[in-house]
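Have a go at each task before you read its solution.

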Amino acid sequence: MILSHLIEYHCPTDLNEALRLLSRPDVATVPLGGGTSLVADGVPSAQAVVDLHNLGLDSIEAADDGLHIGAMVTLQNVIDNSHSRSLARGFLASVARRTTTRNVRNAATVGGTLVSANSVDELLLALLALDAQVVLADMSSKRCISLEDFVTHTPAHLSQATLILGVVIPPLPTGFGVGLERVARTPADRPIVAAAAFVAMEQGRCEAARLILGGVARLPVRLTAVETRLLGRVFNDELIAEAAETAKSIVVPFSDFRASSDYRREMAAVVCRRALQVAWNQVRSEDRG
Amino acid sequence: MKITFVINEETETWDVSPDDIFLDVLRHRSYFGVKRGCEDSSCGLCTVLLDGQAVNACTLLAAQVNGRSITTIEGLGTRDHLSPLQQAFVECGAVQCGYCTPAMILAAKALLDTCPEPTEADVRDTLSSVYCRCTGYVKPVEAVLRLMRQHQGT
Amino acid sequence: MFYNDPDEMLRMSEHPEGISRDGFHTVGQRATRLDAIKLALGKPAFTDDYTLPGMLYGKLLLSPHAHARIKRIDASRARALPGVHAVLTYQDIPAVRFTTAGQSHPLPSPLDTVSLDSKVRFVGDRVAAVAAESLEIAAEAIRLIEVEYEELPFVLEIEDALRPDAPIIHDEPDCTANISGSYFPERNIAAHFETQAGDLVEGFARAWRVFEAEYRVPQVTHVLPEPHVCITWWDEDDRLVIRSATQVPFHVRRILGSILELPEKRIRVIKPRIGGGFGGKQELVLEDICAHLTIATGRPVRMAFTREEEFIAGRTRHPQIIRLKTGVARDGTLTAMEMYILATTGAYGSHALTVQGNSGAKALALYRCPNQRFAFDVVYTNRPVAGAMRGYGGPQGLFALEVHMDEIAAALGLDPIEFRRRNWVRVGDGFPLAEALGEGRKGYPQPLRSSGLSQCVELGAKAIGWHRRESQTAESHSPKRRGIGMAALIHGSGIPGIDMGGAFIKINDDGSFNLLVGATDLGTGADTVLAQIAAEVLGCPVEDIIVYAADTDLTPFDKGAYASSTVFVSGGAVKKATEDVARQIKAVAAQMLEASPSDIRLADGRVVSPDGDSATLREVALYALHVADQHQIMGTASHMSVMWSPPFAAQFAEVEVDTETGEVRVLKVVTAIDCGQPINPDGVEGQIDGGVHMALGYALSEEMIYDQAGRLLDGRIGDYHIFRADEMPSMERIIVPTVDPAGPFGAKAAAEIPTDGVAPAVVNAIYAATGVRLREIPATPERVWSALRDREQ
């Protein structure tokens, strides 16, 4: 209904043709992935869509620089594909599974997840925690930027006729752990707040940490101040509790019908603590195992 | 524009507009088994199978279907020869108001076609695409599990 | 004249002659739904699965303001748009006052609504209507209507509506109510009521301890699978046909007659298959304006709500603030009970009097208490309209009561079950307020004649593991705590002395039967149950009963599907009509088999004489229709009950509370129900499953929340959220059969009571788990977390 000005549909088989269509100055053209967001929310100004279905962007491939997931890979592909299914001990697939319903997962794409940039989209939080890189292409070049950069400055990155080709999840170090924790009204409801944590340990000390918090701002927030406090430290309950308190002290969440700002702040601490705890426990059990 | 695709095993060519939603086109062409419950992929009542996978027709452009294969509830059984899932839903009392029944049956079919021995969690995960206000999902889940057990038994 | 005498009714409910006394052949058996196959095949059975030549598409312009006067409305640009056939504003149609609530005559809800008005009273109220050749053109025309509003002060919160400076929502002079002394629109009161029995002063004076508390329940909505939809057209006799997803076709016809100023004989309402109603379709939400568009254009018009429109312009459950005051004697028995409800009906008074009346009728009938006072005020606010919703006041009243009883038990140091047991009603007890709560007229006394409550509680407690309650101490390190809670419940079977249903049944050449009823199966399986009742009387297979319902031209009157009445009231009519047919069949069979009619038995699709001679029903039908003394074997009957024959139930919930986040996860729900003789146990289970599902949302998550301008914030399914298949708790249902003398084959209702007790059981379980008592639902994480934090401070 809100695509009421749509007069053209294109389904090119060639990336350059897709980019050319998108770059036309006189026809407002938008790329179409699965449609679960674009068609649902609509783009009133769009006069043309470019369906990305036939561009061959739907593969998942393991390479030396990491796992390449095409932009048109559906969320269900992430769950079913043997490479992505086993990534980070199944972390990405299990998060993808609880992100939305099966029907939507069959249509919604990884590229769409990036563009929608919903702050409580757990798959997005997980990709951020795994330090995913985004591969972009325009008429002149291909480039790779961090997902964090992409999410923070999406309009700038997509301002020229630009397409997301996919994401690359860099190889994970040994001794890593991941966790994603959420608070929600019911088990299957969208989270009120959620946190994704990634830690890497070497000889008991924290080598790398990424902590992403959703549900406190319009976009997911990376808590670098908390990460800094963890680097080089030996994990214990006190350190994690301290990190969680830091997280709480630096966020200024919004209120909406799901919960108040105060509650979100308090829960930011809880989900950060729990996500870090889960990640750390994973490191420890891997060590023992 | 024209789209050529397979619907319920028949190849058809339909004239559609770029902005046509597939759900509207189906109902306009008397595929009434696909129901409208929302406009934003949140209720699943408009489930159809696209290349064998359950998707919501309310957020699918008709143009996207070009060259692909669609199954609607009309393509399953008949009164004298219900499909196994239809039979199971009828026998288990899984049909109450019936408005979500075609969607549930199609979603379950997509699951069983690719995963013949799903767990109850898999069945619930699949049926969670379709919201129902009558059954609490109890008997629909039972129906799918019962059919699966029957298949295992034979 | 003594038709409704309880003794007479008891006699009428005994097995008819010819039915074996050693058991039913159909009643109580799991019957496959007669309608299941067509639905599983996706056949075009619903209102919208239908088109007519030249059909136009109707659409409404809804108000963006919570309260405003239309200063200027200009539809000229919309009317000029090619493909637009009519644009209606308040200037174009007569302002006839009505209520959207479909109830019996005289309508107990205030007559405060007109099809289109010069004033809007909530975000989502009607402003104008369009009929056009496509939905796209209609939507474009809606955008072209120019409206200048004079915004008025508005009121959203229940308590604020009664402030002296509150804006008056219905200031028009011609709003009236049929129930005298109940309606005070000049003070924003859509319904007021008070009554008492016994001596409150004495009752409280005699009390050892007195408990007082206030409870709050939210505004929630049905989230109907099939949004409201109807198609209207003129037939070849210039009669107006309404094809509508309605629970109340006969009330729709009557109310439309007055709105459109057409005699009822020129209106025909057809109810096809309904995609869920739950009370939301006990209302004229679209039929009147759709009919106006057909009258304006002469063309068939189809109107349907989008999901977004359904959320704001559909109907909702009345939110309430409930104050309870209870006196308890040293022995734990109740000495006095006072209940006051302050509710809002939103901008229009649909079901305002009767829903709130039912909150008291249900809550105050559950426990013996000689001294009772019950009063309520239902106020107008600038919110979407409340109305009928599964439970009809029961979920509100019983939430307050059952949490209150739990609180008292805890304060007295009694087991919650034991405290309830000392007080719950028993067979032979009366209900002191029964005569005062007659839905706008004098009610009938209600001596209780059947109750399985005690067994429901006993079996439910066993199933949930009530004995584990004491041992559920917390593991020291986990923030998660488990607890078990329960609620005892009572509901009704139809509205005594008001609800009436009719049935007509005839035999066909092949020995099958057409059963025509006005009763409106809204997805519950009622048609199948009615067929089972007929098949039981006739000794034939259920499949040989072809049920048709409902069409105001073809089927007898029935009040419609509400108040848990179909099995009890409409089923009574089917049983009587079928018994008449059975008598006629026996008379024919007696001729054929040369036996006395009283000796003929009906069994296995045959008539059987004492010496073993028999004939098939087909042979009987052919004999009667074609051979001798030719006549159509057919029967008609009406049924009305003065008894409310309450079903009882006990619901138990086990929860796990995350004390750090306040998240509550329901692990298991047990429902034990006494619905008299279950006619189709499969259907009873289905009612329990659906009721529990809806009530889980009421308990934990569903709530309509508005911004400061009165706009609904969570009006999408993804935001409002109803429970999905992958997050349901384990569910167990137990049926405790009893025999109620007023019900067909001893049946009572099962439809609404499962919706009543999940919320109090969950809240009581949260208390058992944490020691924190919520008096407000839904028990959202933030609400529970705040309560836990407040206790610590």
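Predicted model: local features only at pLDDT ≥ 70, side-chain atom pairs only at ≥ 80, totals over all residues.

**Exercise 1. Work out how the rings of Tyr183(C) and Tyr380(C) are arranged, and which parts of chain C they tie together.**

Step 1: Start with the overall tally, which is 19 aromatic pairs over all chains.

Step 2: Look at the geometry of this one. The ring centres of Tyr183(C) and Tyr380(C) are 6.4 Å apart and the planes sit at 80°. Planes over 60 degrees apart count as edge-to-face, so that's what this pair is.

Step 3: Find the two residues along the chain. Tyr183(C) is in the loop between strand E6 (146-151) and strand E7 (189-197), while Tyr380(C) belongs to strand E16 (residues 372-380), so the pair ties together parts of chain C that are 197 residues apart in sequence.

Step 4: Check burial, for which the cut-off is under 20% relative accessible area. Tyr183(C) has 11% relative accessibility, so it counts as buried. Tyr380(C) comes in at 0%, so it counts as buried too.

**Exercise 2. Decide whether the pair Phe193(C) and Phe376(C) is stacked or edge-to-face.**

Step 1: Take the numbers: 5.5 Å centre to centre, with 25° between the planes.

Step 2: Planes under 30 degrees apart count as stacked, so Phe193(C) and Phe376(C) are a stacked pair.

**Exercise 3. Find a cluster of rings in chain B, then a charge over a ring in chain C.**

Step 1: In chain B, ring pairs join Phe5(B), Trp14(B), Phe22(B) and Tyr31(B) into a cluster.

Step 2: In chain C, Arg773(C) lies over the face of Tyr767(C), 3.8 Å from the ring centre. Lys325(C) does likewise over Phe204(C), at 4.4 Å.

**Exercise 4. Describe how chain C meets chain B.**

Step 1: Count residues: 53 of chain C are in contact with 44 of chain B.

Step 2: Ala40(C), Leu41(C) and Ala725(C) supply 17% of what chain C buries here, more than any other three residues.

Step 3: Turn to charges. There are seven salt bridges between chain C and chain B, including one between Lys139(B) and Asp682(C) at 3.1 Å, N to O.

Step 4: Ask which element contributes most. On the side of chain C that touches chain B, the largest share, eight residues, comes from H16(C).

Key:
Residues numbered from 1 in each chain as written. Chains lettered and ligands numbered in written order. Heavy atoms only, no water. Phe/Tyr/Trp six-rings, centres within 6.5 Å; stacked < 30°, edge-to-face > 60°. Helix = DSSP H or I, 4+ residues; strand = E, 2+ residues; numbered from the N terminus. Buried < 20%, exposed > 50% of the residue type's maximum accessible area, 1.4 Å probe, protein only. Lys NZ or Arg CZ within 6 Å of the ring centre and 35° of its normal. Contact = heavy atoms within 4.5 Å. Buried area = accessible area lost by both parts, 1.4 Å probe. Salt bridge = Lys/Arg side-chain N within 4 Å of Asp/Glu carboxyl O.
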